[in-house]
Amino acid sequence: MTTLAPASAVAVCAYDDLTPDLGVAALVEGIQVAVFRLDDGSVHAVQNLDPFSDAHVMSRGITGSRGEVPTIASPIYKQVFSLLTGQCLVTMDKAPQAGHAADLAVYPVSVDNGQVIIHLVGTA
Amino acid sequence: MTETQQIVVVGGGMVAHRFTEAMRARDTEGRYAVTVLAEEPRAPYDRVALTSYFTGKDPEDLALGDPALWDDSLVTLRRDAKAVSVNREAREVTDVHGVVHPYDHLVMATGSYAWAPPVKGGDLPGVFVYRTIDDVAALRIYVERRRKELGRTVRGAVIGGGLLGLEAAGALQELGATSTVIQFSDRLMNLQVDEGGGQALSRLIEGMGVKVRCNTATDAIKPDKHGHVGSLKFADKGEQLVDVVVFATGVRPRDELGRDMGLAIGERGGIVVDDTCLTADPAISAIGEVACIQGACIGLIAPGNTMAEIAVDRLLGGESTFPGADTAAKLKLLGVDVASFGDAFATTPGSLELTYADPVAGVYKKLVVTDDARTLLGGILVGDASAYASLRPLVGAELGGDPAGWLLPEGAIERPNVDLPDEASVCSCNNVTAGTIRHAVTDQGCHEIGEVKACTKAGTSCGSCLPLVKKIVGTELEKSGIELSHALCEHFDMSRAQLFSAVQVSELRTFSQIVERFGSGRGCDICKPTIGSILASIYNEHVLAADRAALQDTNDRVMANMQKDGTYSVVPRVPGGEILPEHLILIGQIAQDYGLYTKITGGQRIDLFGARLEQLPSIWKRLVDAGMESGHAYGKSLRTVKSCVGSTWCRYGVQDSVGMAIALELRYRGLRSPHKIKLGVSGCARECAEARGKDVGVIATDKGWNIYVGGNGGFTPKHAQLLVEDVDDEAVFRLVDRYLMYYIRTADRLQRTAPWQEDHEGGLDAIRAVIMDDSLGICADLDAHMARHIDSYEDEWAAVLKDPERLRQFTSFVNAPDEPDPTLAYVEQRGQRRPANDAERSSGAVLIAPSRLEVRS
């Protein structure tokens, strides 16, 4: 993955520490990020905050797919989000908590030297 | 319409309910307000199901329709408000409290009263009639009191061998009294069945332990030396010792108000109305049993409901008229099916009777057909009335084949497949035709039986037509090429039950293999947990083993219940609710050490809230070390077996309910299922464990245990239904094993036992046949499957604590494993903490931040 002059790139764990389809949370400069390694080997990072419950739990959701899009479902009220764009694909007829957008922030992530690196600049 | 018109309904029975319900459903402009004056101190209830009051039902179970009807702003229900006079000039009704109710239109729906012949001794204590909840409750109290006073079984007698008499005899049996039916006529139910049917009925009823005495007139009821009912004296000089007598000698219309206000009264009573249910006074209608329509009063609910609908239709400007009463009836009396319909006594000139009798099996069937044996005119079915739903709508239509097909036991000759004509009435209670049901499917988009019921009301009263409704809906769906979709989600076209078989037969054990073979894509939050649950049910391997952790739903994934702020609650197992003091102390100590909010659950255990993901292993280590284990409060699995204290301590207990509850809980702990499962065990009939609100309820009797199945609390509460009576411990285990395993294999995803049981083809009877008579030949397989589960059980928390690989999952952050989620915030309430709300967070009122909690590890 190529990104333009990242302001901050933080290594959070070894790629081999990640279990396929089982997310983890990482604390990156005070921001909670949910990191997923999928069955196909790809790695994705989104905000750990679930906008529909205001709890930091997205890393504990179930991964899957809607059509061709890889997804993550909130473990609290089961909204489904795209892991590629962060877009909320299924709202379960609910609105996000006050002050939050329905979509998730997506963070660029790369694997370098066996380390998973989160790039905080980009989307926010 | 400018002003709302006032309707007053005198009487608060089933027909009054139907009138009010139909008016509110059809009067969309709010032209009429309805006031119902009920004599009884309760809302209208299902009088037809009165006997079920003895089989453990509460009065609320007899409630009719949606209780919200009585909250409608255009409906007023006055209970305990018998109408005592009507002033037709002023258009006013006065009730027993002197309250005056003005009306624009008056509907008389006073029904009937139970009539008892003037027999000497008819006023002794111990003589009852059988008509209202209060009658039935008084009978129950009297029988229970006399049993204690006499110290032996109470002897009961029912005078009258008609429909109501047999109901009453059944009620006496339910109360533990013996019963004798005294019938004046030469056979039971002489209005509905002929001689052959009466004989079959007598044999079947006597087989249930009820004595039958036909051709007997009662001369007097004689008191015992204390002045209670003591014996019956018959016209033939015979005598019989009895302790309680129930008169079921028929009903008479309650037409006294009609007489008082000068309305025309029929020859045999009843307020005379025309085919539109109007009396000679255009401001007064009469409906139901009090109405004398086409020259007679009719004591059946279906014509009463029809009259209510007609009265409503006419008030709203409709044109409907009374089509004549359908006196067809299908009943289950003391477990015996009896049905009678159409010209049951072959009064049509030239009609032929075809009969089939099997005295050994206790079956009698008769069809009455036209002289060419082609057209059905009526029939009688005793002992096996399964053909009733199909036959009754065919009255007047061609049978389309050999009529013998309908008489012989099912399968002996193929029954002709007849398409009902559109105008054939399918649901006589609600007057719904086959055409209406077809229309609901084809034009109103109803694709499920529930939708058809809601849309047409077919099958919503007595339910006897439901098999036929289902068949019509199925045929219609097939014709229009609509297939009911059972697909689990976009990744699997199969239902859960199909997937269960597929996984079992293919012996595939990972999600990726299963989705590759039977599905598509990468799965989702619906199919992954379903497959996780199916694999756990089949193999009973650890839910976090191999690639399974990623399949598990929110709670199973970390074996704790996620709360709204992302922390968890912890519930150790407390089998049967029996707990050692040292375990109680430990739980309290843990709660104190970790600052957990503590609450007693509804399932007799203790819930500790607010534990963070990374705290779960250390909390569980302390519990497991002290000998406690996972309570599976997080799983779609067995939760708890609730019990009362039972015979070991209780003064009333007749069995060791705690012992049974613990045995059941240890037997089924860890059993994964389509939805959560709860059991209850009560030590006597007082039912303090509320076992009938559980998926499986076991209730002690003095001979063993009664098993009830399919009870649920939750959104649509259901009482469990009786599966079997008076069985021993071994049979409890065997039958509950099979019931649960059969449910696990065949239920839909997130379908609890009550709807599963209801949707199961043939309902509870068919399930009983599967698990008791082995009708599918799978009992050995179910038994072996459950035995495997019991043998392979291990505490999943103890297993995780031993496995460093799995423990890695219980960290807050992959790069800061012990750092608590910094956003958690709590306030104190009633001496404990709870998550802070938005206002408290922004005002800075947060008292406890998690990082300040001292954690012992």
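Two residues are in contact if their C-beta atoms, placed from the backbone, lie within 7 Å. By this criterion, in the predicted model described here, residues 24 or more positions apart account for 42% of the contacts in chain A that have a separation of 6 or more. Chain A contains 13 strands and zero helices, and its pattern along the sequence therefore reads β-β-β-β-β-β-β-β-β-β-β-β-β. Of the 124 residues in this chain, 47% count as buried.

Between the two chains, 23 residues of chain B are in contact with 25 residues of chain A. The side of chain B that touches chain A comprises, by class, eight charged, eight polar and seven nonpolar residues.

Within chain B, strand β23 (residues 352-358) pairs with strand β24 (residues 363-369) in the antiparallel sense, over seven bridges. One of the residues involved is B:Leu354, whose bridge partner in β24(B) is B:Leu367. The hairpin of β23(B) and β24(B) has four residues between the strands, and B:Gly362 takes a positive phi near 75° in this hairpin.

Chain B also holds a pair of helices, α12 (residues 496-506) and α14 (residues 527-539), whose axes come within 10 Å and cross at roughly 50°. Because of this angle, α12(B) is oblique to α14(B), and the crossing of the two helices is right-handed. The contact is made by B:Arg496, B:Leu499, B:Phe500, B:Val503 and B:Gln504 of α12(B), together with B:Thr530, B:Ile534, B:Leu535 and B:Ile538 of α14(B). These residues of the contact of α12(B) with α14(B) divide into six nonpolar, two polar and one charged.

Methods: Residues numbered from 1 in each chain as written. Chains lettered and ligands numbered in written order. Predicted model: local features only at pLDDT ≥ 70, side-chain atom pairs only at ≥ 80, totals over all residues. Pairing = 2+ DSSP bridges. Buried ≥ 20, exposed ≤ 12 C-beta atoms within 10 Å, placed from the backbone. Nonpolar A, V, L, I, M, F, W, Y, C, P; charged D, E, K, R; others polar. Axes fitted to C-alpha atoms, helices over the stretch in contact; angles between N-to-C directions. Parallel < 35°, antiparallel > 145°, perpendicular 65-115°, else oblique. Left-handed = near helix turned anticlockwise from the far one by under 90°.
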